[in-house]
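Q: I have a new structure to look at and would like a walk through it. Can we start with a contact and then go on to the domains?

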Amino acid sequence: MREYYNKEVKTLYIIFFFKILILSFLPLTGDEAYFIKWGQNLSLGYYDHPPMVGWLIYLMSFVNESYIFFRLFAVVTTFVAAYVIYKIALLYKVRNTKAFLVALIFLASPVDLLLALMTNDIALLFFSSLGTLFLLYSLEKKEWFRYALLAGIFLGSAFLSKYFAVFLMLSLLVFSLYMYKSKAVKNVLVVTVIILLFIAENLYFNYNSCWNNIIFNFFARTQENSYNIGTVIGYFGLILYVLTPWGLYFLFKTKFEKTKLLKLLSIILTFGFFVFFIVSLKNQIGLHWFLIFVPYIFLLFTFLDDKYMTKLFKYNAVFTFVHVAVFITVLLFPTSMLKNHNKYSDILLYTQPEEICKELDKLSDKQIFTFSYSTASVLSYHCKKDVTVLFSGSKYGRMDDKLLDVRSLSNKDITLFKKKPIDENQLKQVCKSYTIEKKEIKKANFYMATCREFNYEEYKSNYLDFQNERFYNIPEWLPIGECYFKDRYFKNDESM
C-alpha cells in the first residue's frame, strides 16, 4: 500500500523535514513557556484549564527539559490523528488504499504543519481522537469491555486537557445510542463511569482552588465580550481554511452514501460547528479550537471519488509548501531589520532572550517581577530565574496568584521589568520611593524599576481588591472548600 502511494509518501518526508526544521527554529512562545511553568509546579489543576498539558510536560521533563523536546509530543499527535483517521475509515468499510490516502491528505495539509506548539489543544487532540477510536471499537468489535475501558481513560484524559472535550463526548453519546440503541448501553455506562472519575478529580481541584477553571472559562473569560459580526465571519473563514476551498468544492461535487460513517461525522460535526457558531457570536474563534474535530473533518474526504482525492493531496501539499516558504522566510528574517517596529522589544524578547537574561543576571539572586504572564514565563524559562507577575489585571495567566503570597513582599525592595515604559503612577501607589532605568538591549528599549519598601496594604487596595472581585467572585451556589486567594487576603475581612 505504501508503494501504491510512493510519490505521496516521499512528499510527506519533505514536509516532515521542514516541519522539524520550523519546530526547531521557532522561538518559545509565551503560552508554551506558561505551560512549562505548569509542569515545573505539579498540581491537580491550574488556573486557566484542567491540568493534562502540565502533567505531560512534567513527565517529559524527566527525559529532557528543552521546549523543542516538548514539541515532539505535538509531532507524535499528528501521526496519532492520522492513524485514527485511517482506522476509523477501515472500521466503517472504507477501502484500505482510500483510507490510507485520507490519512496522507491530513499529513499533507497546513493544519498538520501548524501543529508544532505544545498546548493544551494538542493534548486534547491526542486523547480525544484515541478515545473516540476505542469507543467505536467497543461498539463494533467483540472485545467491547477492554475497548470501553480504554475509551473511558482517553476521553477522561481529554476532559482533563480542555473542557471542549464535553462537546465531542455528547455527540458520541448521541451517535452511540442512536445507531446501536440498547447494544450501546453497557458500553456507554462503562465509559461514563470512568470519565466521571476524571471529572471528580477536576471538581475536587476546583472545590479547593477557588473554582479557578469554572470562574475563568464561564465568567471572567466572557463577561466583556459583545456580539461581533467580525468574529462570525472569521469563524466561517477558519472552516474554509481547514477544509480548503478546493476541498470544499470537491465535497460539493460528491454524492454522499448514507453509511454509519456519514452519520457519525454528521452528528459530531453538526454538534461541534453549531456550538462554535454560538460561541463565535461573541468570541474570536482560534484555529486551535478546531483541533478536536480535525480527524472528523478529514474523514469527510473518504466519500470523494478517487480522482478528487489525488487532486486534493496535491493541492494540499502545494498549499503547505507555501506555508513552509512563509515560515522559513520569517524565521530567517534578521531581527535587526525590525528595529523601528513598535513591537521590536517583544520580538527581541522571544527571538534573543539570552541578551535580556545577561542584563537580568547582573541583579544576582534578586527576584524579578513583570507585568504579564507571557513575559514572566519566557524569562523564567530562558534565564533560569524566578520571574513573577505583579500589577496584572489580565484574566489570563493568573497562576502566580497561587504561587506568590504578596504579603511576603511587605516593606521589601522589589525589582520590576517591562518591555514598555513603566507607569509611574503605579509605583507611586505602592512604593515609598522608586527609581526607573531604561535599558537598551540590541537597540530595543526595556525598562527596569526598583520599588523601595513595597506597601502591601496599598497594593491590596489598588489591585487585590479588583482581582478578588473580577477573578475570584465565586457564585453563592457553589460550595467552597479552600480558596488560596481569599484565605490569604480576605479571610479576616469576611469574618468581620
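**Salt bridges and domains**

A: R71 and E32 form a salt bridge through their side chains, 2.7 Å from N to O. A salt bridge here is a side-chain nitrogen of Lys or Arg within 4 Å of a carboxyl oxygen of Asp or Glu. This is a predicted model, in which local features need pLDDT of at least 70 and side-chain atom pairs count only at pLDDT 80 or more, while totals for chains, interfaces and linings use all residues. Residues are numbered from 1 along each chain as its sequence is written, and side-chain values use heavy atoms, with hydrogens and water left out.

Q: Where do R71 and E32 sit in the chain?

A: R71 is in helix α4 (residues 67-91) and E32 is in helix α2, 39 residues apart, so the pair links distant parts of the chain. Helices (H or I, at least four residues) are DSSP runs, numbered from the N terminus, as are strands (E, at least two).

Q: How many salt bridges does the rule count?

A: The count is 15.

Q: OK, domains. What are the bounds?

A: Domain 1 covers 5-330 and domain 2 covers 343-490; such bounds come from an automatic or database domain assignment. Their centres, taken over C-alpha atoms, are 34 Å apart.

Q: How many residues are in contact between them?

A: 34 residues of domain 1 contact 33 residues of domain 2, where contact means heavy atoms within 4.5 Å.

Q: Which elements of domain 1 does that side use, and what residue classes?

A: The rule finds 1 salt bridge across this interface. On the domain 1 side, the elements giving two or more residues are α2 (30-40), α10 (185-207) and α11 (212-220). The largest share, 7 residues, is from α2. By class, that side has 18 nonpolar, 10 polar and 6 charged residues; Ala, Val, Leu, Ile, Met, Phe, Trp, Tyr, Cys and Pro count as nonpolar, Asp, Glu, Lys and Arg as charged, and the others, Gly among them, as polar.

Q: What does K37 pair with?

A: K37 forms a salt bridge with D400, with the closest N and O atoms 3.0 Å apart.
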